[in-house]
Amino acid sequence: MNALPSARDRALAAHQAGRREEAQGLYAEALARDPRDAGAWTNLGALFRSTGRHDMALRAQERAHALDPAAPGVRNNLANILQDTGDSERSLALRRGLMREAPSDPMHVAMAGKALRTLGRLDEGIRLLEEGRRRFPGFPEMTIQLALTQLMAGDYAAGFGNYAARWLTGELTPRKLDAPRWAGEALAGRTVLVLPEQGFGDALCFARFLPTLRRHGEGRVAMLAERPLLRLLGAAEGADWVGVAAPPGGFHLYADMMDLPLLHFASGGAVPPPTRLAVPEDSRARARAMLAPFAGRLKVGVVWCGSVTYRGNAFRSFPHRHFHDLLDLPGLQMVSLYKGPETEAFRQDGTAAFIPDWGTQDRDFADCAALMEGLDLVLTSDTVTAHLAGSLGVPTWCLLHWDSFWLWGPEGETTPWYPSLRLLRQPSPRDWPAVFARVRGDLQALLQRKGIR
């Protein structure tokens, strides 16, 4: 007679089938019977990581590693969560060991390169990843990590050249259009349709490269925009037409927006200014009415969270409760520009009584832009708000976690991408309290300079 599957086996089957809640309970059952099962601990840790419970994942992986420190799978999983949570030195050490033991596995090289980028060792990371690409030319993750490291280092021509690998990693769905991809040839009177990628922030940021297409002869440039951005981007320089569907008369070629920077930087150009945004007058009138009750106060728009579907959101975002530490500053009036699922917690704990919830009332980003124009300052996490405020030239403090987006560079408070932005970085991984202590002090100084009480 065949034995019934153990709780561990059933947990693994449920885990592999995507039944995470069931798997979690079965792993707990298995570990209650055998708490020294390193395999169950590391699988549970991987499950926690996949559901965004990073501290629980780290605890589980540390237990697995203590029980079986030689197991390659355990060390790989521990390296993953250490990288996520900011211990890149230890993650890198584990990767180095795995690279020596499994020299034919390209993923360890790619992830070691990622760790070096996080540590700010950009030249070393580029050398490692370039060597890795020579050894594993068909492994797109190596190329994308190289691209991101080159971009972080400010080598935009090389970085955007390698960034084409993003379509090969499996994270983005390749385009399927009834037209050929534009390959850089003369437009010769044809219409090229520019397609946005990945998020609202990217669309705002990289629309500045539309004029690059004008260097390729006479033709018509059409751009797709998601509806929340449509009114703002209607006047984008370099676009003859902007809409949410195919342009009238169709198109002959298409181009991905993130491919346009390569055309610009390959010729040695500097970072161009942000695209021009069109803020409608009805949005401005609405904003004036909303802001009128706060005349004479320092008006600060706040955002604490980006898209919750972005896998790195847990670390670039922070709890809205950090703004509570600023509520007692005399003369300060914060307003929320955030729109998204974290609004419910913001309302439930009473924060909206002190920081009006205006973001959820916006019809689109044009309404948000008009509000920003009437504010003294925008205080935001690294999300679309930073790109919108930066495109408008509004004074903005962008609060960055330790492993921030390549656009912001590895250090410093300024960025050529948005001259009105000030970058405030975590001094150590996950240390938002230190960032907000600095914000509080700087706001106090700003209130004094402006004579606001």
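The legends below describe close-up views of a predicted model.

Local features need pLDDT of at least 70, side-chain atom pairs count only at pLDDT 80 or more, and totals for chains, interfaces and linings use all residues. Residues are numbered from 1 along each chain as its sequence is written, and side-chain values use heavy atoms, with hydrogens and water left out.

**View A. Helix 1 packs with helix 3.** Two packed helices are described by the angle between their axes and the distance between the axes. Helix 1 spans residues 7–16 and helix 3 spans residues 38–50. Helices (H or I, at least four residues) and strands (E, at least two) are DSSP runs, numbered from the N terminus. The angle here is about 25°, and the axes lie 11 Å apart. That makes helix 1 roughly parallel to helix 3. Axes are lines fitted to C-alpha atoms, for helices over the stretch in contact, and angles run from 0 to 180 degrees between N-to-C directions. Angles under 35 degrees count as roughly parallel, over 145 as roughly antiparallel, 65 to 115 as roughly perpendicular and the rest as oblique. Helix 1 passes helix 3 in a left-handed crossing. A crossing is left-handed if the near helix is turned anticlockwise from the far one by less than a right angle, and right-handed if clockwise. Helix 1 contributes Arg8, Leu12 and His15. They meet Gly39, Ala40, Asn43, Ala46 and Leu47 of helix 3. Contact means heavy atoms within 4.5 Å. By class, the contact of helix 1 with helix 3 has four nonpolar, three polar and one charged residues. Ala, Val, Leu, Ile, Met, Phe, Trp, Tyr, Cys and Pro count as nonpolar, Asp, Glu, Lys and Arg as charged, and the others, Gly among them, as polar.

**View B. Helix 7 crosses helix 9.** The axes of helix 7 (residues 106–118) and helix 9 (residues 140–152) come within 9 Å. They cross at roughly 15°. Helix 7 and helix 9 are therefore roughly parallel to each other. Their crossing is left-handed. From helix 7, the contact takes Pro106, Met107, Val109, Ala110, Met111, Gly113, Lys114 and Arg117. From helix 9 come Glu141, Met142, Gln145, Leu148, Thr149 and Met152. Eight nonpolar, three polar and three charged residues make up this contact of helix 7 with helix 9.

View C. Two strands pair if DSSP finds at least two bridges between them. Strand 1 (residues 191–195) and strand 2 (residues 220–224) pair in the parallel sense over four bridges. Val192 has Val221 in strand 2 as its bridge partner.

**View D. Strand 6 is covered on both faces.** In a regular strand the side chains alternate between the two faces of the sheet. Five of the five residues of strand 6 (residues 332–336) are buried. Buried means under 20% relative accessible area, exposed over 50%, partly exposed in between (1.4 Å probe, protein chains only). Leu332, Met334 and Ser336 lie on one side, with Gln333 and Val335 on the other. Strand 5 (residues 298–303) runs parallel to strand 6, joined by five bridges. Val302 has Ser336 as its bridge partner.

**View E. Strand 8 is also mostly covered.** Five of the five residues of strand 8 (residues 396–400) are buried. One side holds Thr396, Cys398 and Leu400, and the other holds Trp397 and Leu399. Strand 7 (residues 377–381) runs parallel to strand 8, with four bridges joining them. Ser381 has Leu399 as its bridge partner.

**View F. Helix 18 is largely enclosed by the rest of the structure.** Eight of the nine residues of helix 18 (residues 365–373) are buried. They are Phe365, Ala366, Asp367, Cys368, Ala369, Ala370, Leu371 and Met372. These residues pack against helix 11 (200–206), helix 12 (227–233), helix 14 (281–291), strand 7 and helix 19 (384–392). Asp367 belongs to helix 18. Its relative accessible area is 0%. Not counting residues up to four places away in sequence, Asp367 touches Arg231, Ser283, Arg286 and Asp362.

**View G. Ala186 sits in the loop between helix 10 (156–162) and strand 1.** Ala186 is partly exposed, with a relative accessible area of 49%. Ala186 and Phe318 are 132 residues apart in sequence. In space they are 47 Å apart, C-alpha to C-alpha.
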